[in-house]
Protein chains: 2
Amino acid sequence: MTAKYALGVDFGTESGRTVLVEVGTGRELAMAVYAYANGVIDEQLPTSGARLPPDWALQDPADYLRTLSTTIPLTLQQAGVSADDVLGIGIDFTACTMLPVDGAGQALCADPRFANEPHAWVKLWKHHAAQPEADAVNRAARERGEAFLSRYGGKISSEWMIPKILQILNEAPHVYHAAARFMEAADWVILQLTGAERRNACTAGYKAIWAKDTGYPTPEYFAALHPELRTVVADKLSGDIYAQGERAGALPPSMAAELGLRPGTAVAVANVDAHVSVPACTVVGPGKMVMVMGTSICHMVLGTEQRMVPGMCGVVEDGILPGYFGYEAGQSAVGDIFAWFVETCVPAAYWEEARQRNLDLHALLEAKAALLAPGQSGLLALDWSNGNRSVLVDVDLSGVLIGLTLATRPEEIYRALIEATAFGTQTIIRNFVAHGVPVDELYACGGLPEHNRLLMQIYADVTGMPLKVSGSSQTPALGSAMFGAVAAGSQAGGYDTIVEAAAHMASLAPVVYARTPPPTLVYERLHAEYMRLHDYFGRGENNVMKTLKGIRDETHVASG
Amino acid sequence: MTAKYALGVDFGTESGRTVLVEVGTGRELAMAVYAYANGVIDEQLPTSGARLPPDWALQDPADYLRTLSTTIPLTLQQAGVSADDVLGIGIDFTACTMLPVDGAGQALCADPRFANEPHAWVKLWKHHAAQPEADAVNRAARERGEAFLSRYGGKISSEWMIPKILQILNEAPHVYHAAARFMEAADWVILQLTGAERRNACTAGYKAIWAKDTGYPTPEYFAALHPELRTVVADKLSGDIYAQGERAGALPPSMAAELGLRPGTAVAVANVDAHVSVPACTVVGPGKMVMVMGTSICHMVLGTEQRMVPGMCGVVEDGILPGYFGYEAGQSAVGDIFAWFVETCVPAAYWEEARQRNLDLHALLEAKAALLAPGQSGLLALDWSNGNRSVLVDVDLSGVLIGLTLATRPEEIYRALIEATAFGTQTIIRNFVAHGVPVDELYACGGLPEHNRLLMQIYADVTGMPLKVSGSSQTPALGSAMFGAVAAGSQAGGYDTIVEAAAHMASLAPVVYARTPPPTLVYERLHAEYMRLHDYFGRGENNVMKTLKGIRDETHVASG
């Protein structure tokens, strides 16, 4: 019998990638990446060249389509696999990454009448300019005593769907009115693939305040935000939501031809990169936290009971695996902070040394930082350069570095930044545990674990928990392929449940990171200091970060 | 009549320099610099190679003698001036920079029996390892209700003479016992030049707890610090103190020959670099703050009444000019912070751009930072990378950077560091004014004003005061030459008072920095935020900086 295959497409922040996976074994036969031509649009609009305000982050939806048409044929070609043996496709996306769509299902920014309108483009997950709208969303929810708030840790993030829609309505009402739909980019890609609008439960649940039992917030709540928003659900969203693991549809002949696939290839409903990684890391039960570690970290854990955990991103029943409550938390910048540091703060002598030793700068800094003992630098940082997602849920916070002396070295700052992100994760774990969601083990996947052994070891040392690593270097894409195999079903040679798919297709790397013996109390003490600064700057005692951003924004207005 | 000349020798942190000045006009005819062969010794001892603990900073006294023998003949040669026309020499020094001296007046570290003993070397002003001893000095003074404390802002610094002596007694009693004298390096150089121990009132007053009316603290006080310290004044210091402007003596033939000068050339008592700069900046009355701006800043102001100002470094009657109370305050790191940043935190692309534009990195960063509006970066820093001298008097504080984002640029950090040092100066000025010492105008000298227009403008904008700049690029050395002319006296062709010398020899640069119109409130608001962090981290509410240094020191012990 011929081996069967599934495709997983992972839409990231800077690029999209496809893996071709053998359904019976999980073996990844081929991988292809498309770097988005327009990348993250945070300085100026590609069409008009107009400058964007601070905190904006857009994308070009055409980059998503180019990802499909470029990478899918490439993987088949690389692997020498026939389209007839490809059973299904799954996709995963960053979220909430959303866009306005016209009545024909086209992105509004592709319409020449809206091409120069920033609000017509995709708002990327890290678009942080809807904070006033998030404040309004939270204020109205608190005033009306909306029960949904506690499902989201007490706070709706400015990154999510409703604040982003409200920002469009506030700042560009003509775009709001012209939009037939507001969609997650994930669901929009499924619409492009299948011709059908099949919204997934994961983004609806975690990002759009939807729940299986109660649906979206009420029209009265939406009207409290803005009179015109009263009918937003009926007019521009959809209550027709499909659970993870369901089939969205199949490729029609035209799309199949464009992608070099068989017409009728099964397509799974879309997923979120973090959530799809849980079964791909072999995790199908509670107590095991999966961390998708890249530019940011998403923390996912399954629980057997619904707990209201303050500052988590959300809890969604069946939101990750059926039969469990899926919990999500996150850190808004991790790899992004290291990348910023390496690009911005490393002196020429280190570039030269890296060149001579044939290392990249990260590797050089890691080598130097690995020689330091915990606490040796005297530095402590707060990892808030892109705000704080959990447990403070506040994008207006900013990064701090404390303990600088005239002897401070670049590798000491680099290590302090790594440690700060580990303290951020430790803070999230302790918050879950304190509110009744057990966490005993860590599982890491994403871009960081593979190349950053020091980072992994520091996370194990800070948390004191064993840290396992995904066997795939493309975990979300593997997870998507697993869901593609489930969309095809066992009769076609796939699987009927994601648990079965995980048993056959998911694996772990041979390495396990454990706390370095003997146990040191240094990280406990540093984490205590971190928590004190965390609460001082993050819980309103000293709002200097907001004051500084306020002054900054005034100067932009004055000079703009 | 032939023109007459005076020599001024300025002993700095990294080098010593001599200027040859025409007595009638203040014209500087020649200048020569000697970069100390052993520089600042803060990593390992040049003799044994032994590693030094954190916070140590030593110097080699042989570097001071090499400064004299190298630079003095060079200036005469450059200017083509005859030794017969050189009336006098003055010197100034960093302080408290002190050393143990044997019975023959030689530095103890020059004795082979002590060459490998770190405590036998010169302790530079920025040696900060005597903090436990400073704590003991302050505790004993408070417990005994010693009146002297309020003359020093309520706190004796670890940088000063008595804590440094006590550290030697505590850690190396054999060095303490072997020392016939503990001397300021300034006075020790005068001893080498003239053969006579003529200690100056400025270092005795500001650094060794001596006052004209009450002398040193009592034997009972010293005994409370350590039983063996009871007789330290009689045994190892000297109550025979000479006022600024007095003559220390004259060059004996042997020393005159070594320096290429006339035997009998007048030598003034030594001075401190900051204090000697006041008349050299034309300042001979109250309300005008002189800032010696280099690696650190010393702030000097004359007052007509004695005020007890908390957190100042000291007030000494006649300590700067006769007839006034001389006030001193300071910031422990300013230029040092910028130098650290440029060396440690500027990426390769900027080095390349600087090379292409033929700028040094400071100039490149200044050019980029000058394009930013106040507050535009959203950053705020605390300028405590070398502790805080005024008004907190605490070397265990450290630097902070707050407001970091993923968009933060190097020039934004550079500007925030400049602004932080300006806020540090503003804090010192407001503290003086609040305690009855008027400050209306600023005068700058030292290495920074000449090359850093942005820095000067920011100080004017932050303080709102006009900022004038010394006409000399070697202000302390010019001041020393002025005192050399006073040591010679009018009958020899010099002057009888420093006020007369200032009238003829001191001058200002043509530029005056004034606050940029229209006045912005941004710096007021940023300074308010600075003060809140200043008090939070600096006055005991959150001692995280000390905790971090404590953990750091434990790791050094564990690995040492």
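Chain A has 20 helices and 22 strands in this predicted model. Both are DSSP runs, numbered from the N terminus: helices are H or I with at least four residues, strands are E with at least two. The radius of gyration is 23 Å, close to the 24 Å from the globule rule for 560 residues, so chain A is as compact as a globular protein of that length. That radius is taken over C-alpha atoms, and the rule is 2.2 Å times the number of residues to the power 0.38. Along the principal axes, the C-alpha atoms fill a box of roughly 65 × 60 × 50 Å.

Now burial. Of the 560 residues in chain A, 64% are buried, meaning under 20% relative accessible area with a 1.4 Å probe, protein chains only. Chain A exposes about 18,800 Å², by the Shrake-Rupley method with a 1.4 Å probe. Carbon and sulfur atoms supply 52% of that area.

Next, the two copies. The same surface serves both: 100% of chain A's contact residues recur in chain B. Contact means heavy atoms within 4.5 Å.

Two notes on conventions. Residues are numbered from 1 along each chain as its sequence is written, chains are lettered from A and ligands numbered from 1 in the order written. Local features need pLDDT of at least 70, side-chain atom pairs count only at 80 or more, totals for chains, interfaces and linings use all residues, and side-chain values use heavy atoms, leaving out hydrogens and water.

Methods. Buried < 20%, exposed > 50% of the residue type's maximum accessible area, 1.4 Å probe, protein only.
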